[in-house]
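Visitor: Could you take me through the salt bridges here, pair by pair? I'd like a close look at who meets whom, and how open each partner is.

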Amino acid sequence: MIFIICFLYVHVKMKTNPNSLQPAYLFVAFLVALDQNKQLIGLKGLLPADKHLDHVKDRAQGINWVTFNYVPSIIWLFDYQQHLDVILDYIAYAGLGLSCCLIVRGSANWIVMLSLWMLYHSIVNVGQRWYSFGWESQLLETGFLATFLCPVLNVSVLPKHTPTSRVVIWGYRWLIFRIMLGAGLIKIRGDKCWRDLTCMNYHYETQPVPNPVSYYMHQEPEVFHKFETLTNHFVELIAPFLLFMGRRLCIVGGVIQSMFQLILITSGNLSFLNWLTILPSLACFDDASYAFLFSNTMMQKVRDLQQEHKPERNTQLRLGCYVRRVFNVSLALGLAYLSIPVIQNLMSSRQAMNTSFDNFRLVNTYGAFGSITKKRTEVIFQGTRSNDPSDPSAEWLEYNFKCKPGNVTRRPCLISPYHYRLDWLLWFAAFQNYQYNPWLVHVAVKLLANDEGTTSLIAHNPFEGKSPPKFIRVEHYSYKFTKLGSKEAAAGIWWKRKYLKNYLPPISLKTIKPFMREMGWKLPKLRTP
């Protein structure tokens with residue numbers, strides 16, 4: 001809740017400078033990057049970013065404007081082929097430091113906010129599959145808008161001559177409108193279960209990373225699930241239009257959207273997505289709505305400053321005010337122009353979900369859960385030290401990941417707004433195949449060597465402190481929540497699972513060499529006790 005409090009605090013401090021809680025979200029995002037990026041996209045990562053950058057550089061025939069435009073990242077400026085891990089760490093540390101300072105101080109300027117935006121852009125654009133989801137673009141778009149609520153240079157908590165940009169306020173309302181309407185339209189145009197009101201019968205059980213509350217919400221009667229689906233349609237398809245219908249209805253719309261996101265936060269682990277979506281909803285409220293949160297002393301300072309800058313008290317505007325007005329007009333025209341393909345996409349029967357139409361992700365299109373998985377399946381990694389993987393007596397030991405279902409007796413995790421990127425992508429892999437997800441094979445190869453980086457991304461390595469396995473395989477299981485009040489539930493069993501088929505045949509470090517050469521990846525060094 002620190003991000004919500006932070007935003008409310010700085011937003012009402014002064015009508016002329018409502019900063020945002022954007023740094024708080026970026027703090028979480030940079031923390032995830034620091035914890036996981038080396039293992040995911042580092043030099044020895046599962047999808048090394050240096051290979052991706054080299055591919056872009058080869059297509060552009062060197063590092064030039066084309067490479068920067070296609071992959072906007074400051075990593076191009078450094079020797080990433082030798083020092084990628086260090087660069088990724090420095091970017092994450094710089095982002096964490098700036099975000100933390102801004103959260104504590106409650107104020108910012110253009111330079112700091114644009115620096116944060118540029119740092120996170122640099123990560124997202126080399127993140128490949130791990131950073132291919134809508135909340136990354138949403139965080140960047142939200143951060144870009146937040147910049148222009150701040151002074152250019154001044155970092156005072158109550159800066160003078162920095163009136164709130166109405167363009168940015170309406171930009172945020174336009175953002176939450178697009179997020180919600182895009183999500184609603186993709187559902188209505190997508191899975192039939194959204195139209196026959198049965199999607200919520202499955203959602204809580206089959207969503208990427210359920211939490212403990214998901215287990216109980218899944219057990220609700222079907223009539224309640226139908227009510228939830230109808231409510232979802234109202235919030236996403238009708239309520240967004242309230243944001244443009246005057247002060248009172250705009251506030252009502254803001255309340256609806258904020259409450260809806262809080263409900264989503266309690267019912268699943270969707271990274272910082274729902275926390276982040278609350279932010280533009282807060283632009284639906286004016287200062288009078290927030291006044292109760294602040295002391296009389298602070299509010300008096302705000303009133304004095306507002307009185308001082310009334311038009312009749314200042315017959316001649318400062319040069320900076322003219323410059324800001326010109327910039328606001330330019331920003332409005334820019335946002336309007338970049339919104340054209342977004343509007344076209346929203347109106348199209350072939351609506352694309354979570355798409356950027358410019359490389360800097362300034363105005364994007366969003367959407368979520370256009371189709372609902374009706375049955376949950378999981379990929380389960382297993383290892384053995386047997387010399388013959390086909391031997392019926394071979395003992396196969398299971399790996400457990402940080403958050404995704406595996407051990408049926410383990411309670412679903414509660415991690416939002418933090419995010420385990422490997423667990424999330426394994427959910428998608430479960431209803432695809434390993435040929436479409438070569439990084440999954442790379443995970444298995446790393447586990448064959450007890451690779452320290454990869455094992456740091458999982459919760460339980462059965463070969464930790466022992467000789468690594470000789471073979472790894474991946475099995476495919478279906479998972480269902482146990483019934484509330486059943487014998488299984490009473491025994492502490494959260495999931496029932498059923499074997500489906502083999503997903504990845506047994507591999508060893510010897511048999512996998514041709515695949516690794518083809519992908520351009522190096523075999524990991526064997527780590528023994």
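Guide: Let's start with Lys192, which pairs up with Asp196 in a salt bridge, the closest N and O atoms sitting 3.3 Å apart. Bear in mind that this is a predicted model. Lys192 has a relative accessible area of 54%, so it counts as exposed, a call that rests on the cut-off of over 50%.

Now hop over to Arg247, which forms a salt bridge with Asp286, and here the closest N and O atoms are 2.5 Å apart. This pair links distant parts of the chain, 39 residues apart: Arg247 belongs to helix α13 (residues 246–267), while Asp286 is in the loop between α14 (273–282) and α15 (287–290).

Next up are Asp89 and Lys38, whose side chains meet in a salt bridge at 3.0 Å, N to O. Asp89 lies in helix α5 (residues 80–105) and Lys38 in helix α2 (residues 22–41), so the pair ties together parts that are 51 residues apart in sequence. Asp89 counts as buried, with 17% relative accessibility, because the line for buried is drawn at under 20%. Lys38, at 29%, counts as partly exposed.

Then there's a group that goes beyond a pair: Arg376, Glu378 and Lys404 are linked in a network of salt bridges. As for the overall tally, the count comes to 12 salt bridges.

How values were computed. Residues are numbered from 1 along each chain as its sequence is written. This is a predicted model: local features need pLDDT of at least 70, side-chain atom pairs count only at pLDDT 80 or more; totals for chains, interfaces and linings use all residues. Side-chain values use heavy atoms; hydrogens and water are left out. A salt bridge is a side-chain nitrogen of Lys or Arg within 4 Å of a carboxyl oxygen of Asp or Glu. Helices (H or I, at least four residues) and strands (E, at least two) are DSSP runs, numbered from the N terminus. Buried means under 20% relative accessible area, exposed over 50%, partly exposed in between (1.4 Å probe, protein chains only).
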